[in-house]
Structures are given as C-alpha cells and as structure tokens.
Amino acid sequence: MGKVNVVVGMQYGDEGKGKLVDFLAAKADYVVRFQGGNNAGHTVVINGQSTILHFIPSGAFNDNICVMGNGVVLDLDVLQTEINMLEEKGVSLKDRLLISENAHLILSDDVEDSMNDKIGSTGKGIAPSYTNKYAKTGLRVRDIINVENDLDDFDVNARSKLLKFKKFLLDHSYLKFQIVNVSKVLNDAIDAGKYVLFEGAQATGLDIDHGHYPFVTSSNCTAGGACTGSGVGPTKINNVFGVSKVYITRVDRDGAGPLTTQMDKTMMEKIQKKGHEYGATTGRPRRCGWYDAVLNKHAVRVNGLSGVALTKLDVLDGLDEVKICTHYELNGENITDYPADAITQRRCKPVYETMPGWSKDTGECKTFEELPAEAKFFIKRIESLLGVPVIMVTNGADREKYIPINMDVLE
Ligand code: IMP
C-alpha cells in the first residue's frame, strides 16, 4: 500500500502551502489539486526565483506527476499560459500532467459573471462555474472529447462552446492525451505503493461549508474535499497537514469578510511590507491580523490535522511584543469555538495573550535551539493551544528557509 497525505490551509489562504507541498513533493510520486481553480496563487521560490502557480500543482518543480482532480474547475486558456510559462523556465510537464475527465470547465461567461460580485471574488469565474456544476448545467472536460459523438446531447450554445474547446485541445494536443480517469489512476498508484500528495487551495476559513458563508470560495478546501475531488476514499489517507502563518491575512474587496484579529493600521502596514502581503492572484493588499487560535483550532478539528507547519516567523522579527488571540468575547461570554456565521464572528472581540517579541533576526536560524527564547515560547504556546505538533517553522521565502521541529510526523 502506498502513502497518501493531504496539505490544507488553516486560515484564509496564502499561508504558504506551496512551500510545504514543494518540500513534501521531493518524496511524492503524484501531486494532486482537488478543488478550486485559478483563484489560487501558490508561490514557490527556488534559488531566489519566484514562480506563482494558479493551476499546476506545486509539485511541478520536483518531476512529480501533476494531477488535477474532478473537484477542480478549469480555464484551459489560463492552463495553457501556465504550461508555457513553466516551459520557458525549463520545467516541462510533458507526460506528467493528468486532468480528470470529470473536471468542470470555466467558460468566458463565467469569468465575466464573477467580475463584480458582492464579496470581492478573484474574478476568475470560480463561483459561476461551480454554480453550473451544481445546477447540472455545466460543461466538463469529457464533454469536449465526446462532443462530436454526442452532438444531440448538447444544446446549440453548449455545442459551439465545446467545439471551440475541441479545436483548442487539438491545437494543443499536448493536453489532449492526458485527460484521464483520475480516481482509477490514483487508486492504482496507491495500490502499487506510490506516494500521493494532495495540495489544497484556498483554506479552511474560505471553505464553502466550514468558512464564514458567504465570504468564502465555492469549494471544499478542507481535507474531505481531497476525497470527493479526486475519487480516493478516506480510508486511503494517512495524514493531513495544516499550514498557518504566525499571524493571519485575508484578501477580499473593501474588507468584506470578517477578520477578528485585524491589526491597527500602523502595524498592518509594517507587516504588509515586511511579509509582502499582496494577493498572488489579485495583487490586492492583504489585511493582516494577529494569530487567531480560535480559527486555527477549528481548522485542526475540521481537517483532522496530524501536524501543523507555521510560516513566516521572520516577519514578526523586531517587534516589541507579539499577540495570540486565545478566545473571543461576545456579550460578556467567552467564545472558544469558531462561530458558524459571519454576523456572529463580526461581533466577537478578540482576547489576546500578549508576550514579548524578539530582536534577533530569525531568518538565519537553522534549528529550533538557535531561535531566540521569546520566539520559542511563542511557537510552543501556539502548539499547546492547537493540541497537535508543530512540524516546522518557515523563516524566509526560499525553499531552504525552514526550521525542522517535529519532522517525524511527516513520515
Ligand atoms: P473566489 O474563490 O474567486 O470566488 O473568491 C471568494 C473569496 O475567496 C474572495 O474573498 C477571494 O479573495 C478569496 N480567495 C479565493 N482564492 C483565494 C486564495 O487562493 N487565497 C486567498 N484568498 C482567496
């Protein structure tokens, strides 16, 4: 039997999942996206060179087989642009890019429809494409292949769109031959002893069911989505790893979604600048807040996490004090569980534990022991609040910048 692990975001996206996936992908055979579309922007930095991937799994740089499961929504034009961009960087996906025949397509109308929605989506057609999927009016990758055989099954409008896609695929035969039954491919691989790694996009706080609806994306970004979005059963999954920044960010339009621990303006601008907190897909500045243990504990539970990677420790270097929100207060009561709705969440006031910061630059530390005592205390406090081991802490953008802690959890 092979090995199956899942990586998910614990906050509102942009936690640095790409970095953990890239790290784990060194040993994996398959890296699989199971939900979302090009609303995602996963940054991988290798030797100072940064690449932002929107569709292709972050395993692209490790010679893994890259897979897009049925839970993904696909914009073929954008996918092709990304393939070309990678080729220009010397990364070929030839014979190692597999796409589920059941993945739904993002059409140009979908993109237009998502441009000015109320919650400030990424404008990539994600919600309209999933809307069509669940209304059972969507078009899937397999329809492109079948269109000429099944012409009568499609109305005139759908037919012309599919034929256009078909031409696109024939022009890019490179893609055409890699449309597969992902469930079969992955299950056969697992049976043959291979390591399959699932790469979540977006995050727990943006999950359509477990985030703060309606300020969420349109898919299940949590661990269960790996099963439904690929056709690999839950009994095959060994471990689920969560990724969380040592602070928190959120990107949307005009602060639409709740961010209970939002920092004051001066601190936020400092963190935005130091942490390069600008959306990888939208370019919008990300709002920043202090570490929210209530949300992160929710992520531990909803995803059944085995361990957590904490990212961007170095961004907090040089602060006089750092804060962790341990619980909320609402109408004089302590709230320790993440509220189910955005309205209640907005009313909650954060209750902080404030602790001394550290002046030492952690970016050069290679071991936990080398970290300043205050940073060690901060990490250990987060670990005890979450109740699961911290696997590693990252301390810089580059692939090599991480501090191992409980790495045995990864085995
Ligand atoms: P949509 O996924 O484009 O429909 O956008 C819904 C919400 O999720 C918006 O607030 C987006 O800013 C947010 N969102 C979607 N994808 C990401 C992501 O990859 N990182 C961070 N926020 C995201």
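This is a predicted model: local features need pLDDT of at least 70, side-chain atom pairs count only at pLDDT 80 or more; totals for chains, interfaces and linings use all residues.
User: Why do the buried residues of H10 line one face of the helix?
Analyst: Helix H10 spans residues 265-274, and its buried residues are Met 267, Met 268, Ile 271 and Gln 272. An α-helix has 3.6 residues a turn, so residues three or four places apart point the same way. Seen down the axis of H10, the buried residues line one face because they fall within an arc of 135°.

User: Which residues are exposed on the other side of H10, and which strands are included in the cover of its buried residues?
Analyst: Lys 265, Thr 266 and Lys 273 are exposed on the other side of H10. The cover over the buried residues of H10 includes strand E12 (247-250) and strand E13 (287-292).

User: Is His 276 buried or exposed?
Analyst: His 276 lies in the loop between H10 and E13. Although His 276 is not a glycine, its phi is positive, at about 50°. Most residues other than glycine have a negative phi. The relative accessibility of His 276 is 61%, above the 50% cut-off, so His 276 counts as exposed.

User: What arc do the buried residues of helix H8 cover around the axis?
Analyst: In helix H8 (residues 182-191), the buried residues are Val 182, Leu 186, Asn 187, Ala 189 and Ile 190. They lie on the same side of H8 because the arc they cover around the axis is only 160°.

User: Which residue caps the N-terminal end of H8?
Analyst: Just after H8, Gly 193 takes a positive phi of about 90°. At the N-terminal end, a side-chain oxygen lies 3.3 Å from the backbone nitrogen of Ser 183. The residue that provides this cap is Asn 181.

User: With which residue does the side chain of Lys 236 make a polar contact of 3.2 Å?
Analyst: Lys 236 lies in the loop between H9 and strand E11 (239-245), and is partly exposed with a relative accessible area of 22%. Beyond four places in sequence, Lys 236 touches Met 1, Val 4, Asn 187, Ile 190 and Asp 191. Of these, Asn 187 and Ile 190 are among the buried residues of H8. The side-chain polar contact of 3.2 Å joins Lys 236 to Asn 187.

User: Is Thr 51 buried or exposed, and what is its side-chain polar contact?
Analyst: Thr 51 is found in strand E4 (residues 49-53). With a relative accessible area of 3%, against a cut-off of 20%, Thr 51 is buried. Beyond four places in sequence, residues touched by Thr 51 include Phe 61, Met 85 and Lys 89. The side-chain polar contact, at 2.9 Å, is with Lys 89.

User: Where does Lys 136 lie, and what is its phi?
Analyst: Lys 136 is found in the loop between helix H4 (126-135) and helix H5 (141-146). Lys 136 counts as exposed because its relative accessibility is 74%. Although Lys 136 is not a glycine, its phi is positive, at about 60°.

User: What is the omega of the peptide bond from Tyr 213 to Pro 214?
Analyst: Pro 214 lies in the loop between E10 and helix H9 (224-228). Most peptide bonds are trans. The bond from Tyr 213 to Pro 214 is cis, with omega near 5°.

Conventions:
Residues are numbered from 1 along each chain as its sequence is written. Side-chain values use heavy atoms; hydrogens and water are left out. Buried means under 20% relative accessible area, exposed over 50%, partly exposed in between (1.4 Å probe, protein chains only). Helices (H or I, at least four residues) and strands (E, at least two) are DSSP runs, numbered from the N terminus. The arc is that of the directions from the helix axis to the C-beta atoms. Contact means heavy atoms within 4.5 Å. A polar contact is a pair of N or O atoms within 3.5 Å; within protein, one must be able to donate a hydrogen and the other to accept it, and residues adjacent in sequence count only if both atoms are side-chain atoms.
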